[in-house]
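Hi everyone, thanks for making the time. Let me put the structure up on the screen, and then we can walk through it together.

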Amino acid sequence: RGQLVESGGGSVQAGGSLRLACAASGLSYRNMCMGWFRQAPGKEREGVAALGRDKSLLYLDSVKGRFTISRDNAKGTLYLQMNSLKPEDTAMYYCAADQRPLCWYFDRLSQHEYQTWGQGTQVTVSS
């Protein structure tokens with residue numbers, strides 16, 4: 001059975017950086033769509049970054065210019081580089097995968113378009 005495993009979370013001060021990684025196993029990595037999501041206590045899960053059609057990069061407005069999503073197909077790993085972190089970035093971060101054919105045509109920042117989720121990694125940013 002396929003799974004996703006996130007790593008790289010931690011506690012940093014505002015202005016710091018973290019790099020999250022999501023390793024995929026047992027999944028058809030090259031053909032699936034992937035994205036990063038986060039959920040803070042008491043809030044809805046929101047899409048943070050994803051790869052869109054034509055390999056475009058999609059970002060939540062509040063992280064544009066600070067976060068960068070990338071993937072290494074050879075390693076089967078998705079990354080999220082997070083710079084200039086702010087306290088409001090504090091949340092549990094999840095990676096997710098959508099293995100449907102033509103997945104690129106769906107809303108890649110919508111949690112409802114993904115079927116496989118990792119267990120999450122906590123990011124805490126202090127002021």
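Let me begin with how the elements are named: helices (H or I, at least four residues) and strands (E, at least two) are DSSP runs, numbered from the N terminus. This is a predicted model, so local features need pLDDT of at least 70, side-chain atom pairs count only at pLDDT 80 or more, and totals for chains, interfaces and linings use all residues. Residues are numbered from 1 along each chain as its sequence is written, and side-chain values use heavy atoms, with hydrogens and water left out.

With that naming in hand, look at Glu113, which sits in the loop between β9 and β10. Is Glu113 buried or exposed? Glu113 is buried, at a relative accessible area of 17%; the cut-offs are under 20% for buried, over 50% for exposed and partly exposed in between, using a 1.4 Å probe and protein chains only. Setting aside residues up to four places away in sequence, Glu113 touches Asp98, Arg100, Phe106, Asp107 and Arg108, where contact means heavy atoms within 4.5 Å.

The loop between β9 and β10 (116-117) also holds Leu102. Leu102 is not a glycine, yet has a positive phi of about 60°, and this residue is exposed, with a relative accessible area of 60%. Ser84, in the loop between β8 and β9, likewise has a positive phi without being a glycine, about 50°. Ser84 is partly exposed, at 40% relative accessible area.

Gly118 counts as buried, at 12% relative accessibility. Its contacts, not counting residues up to four places away in sequence, are Leu4, Glu6, Tyr94 and Cys95. From Gly118 to Trp36 the separation is 82 residues in sequence and 10.0 Å in space, C-alpha to C-alpha.

Trp36 brings us to the core. Which residues touch the most other members of the largest nonpolar core? Of its 30 residues, they are Trp36, Leu80, Met82 and Tyr93. A nonpolar core here is a set of buried Ala, Val, Leu, Ile, Met, Phe, Trp, Tyr and Cys residues joined through side-chain atoms within 4.5 Å. Among the elements giving two or more residues to this core are β3 (18-25), β4 (33-39), β8 (77-82) and β9 (91-98). Leaving aside neighbours within four places in sequence, Tyr93 is in contact with residues including Leu20, Phe37, Val48, Leu80 and Met82.

Now the sheets, where two strands pair if DSSP finds at least two bridges between them. Four strands make an open sheet in the order β1-β3-β8-β7, with antiparallel pairing. Its edge strands are β1 (3-7) and β7, each pairing on one side only. Within this sheet, β3 and β8 are antiparallel over six bridges, and Cys22 has Leu78 in β8 as its bridge partner.

Finally, β5. Five of its six residues are buried, so this strand is mostly covered. Antiparallel to β4, β5 is joined to that strand by four bridges, with Arg38 opposite Glu46 in β5. The hairpin of β4 and β5 has six residues between the strands, and Gly42 there takes a positive phi near 80°. Three bridges join β5 to β6 (residues 57-59), again antiparallel, and Leu51 has Leu57 in β6 as its bridge partner. That hairpin, of β5 and β6, has five residues between the strands, with Asp54 at a positive phi near 55°.
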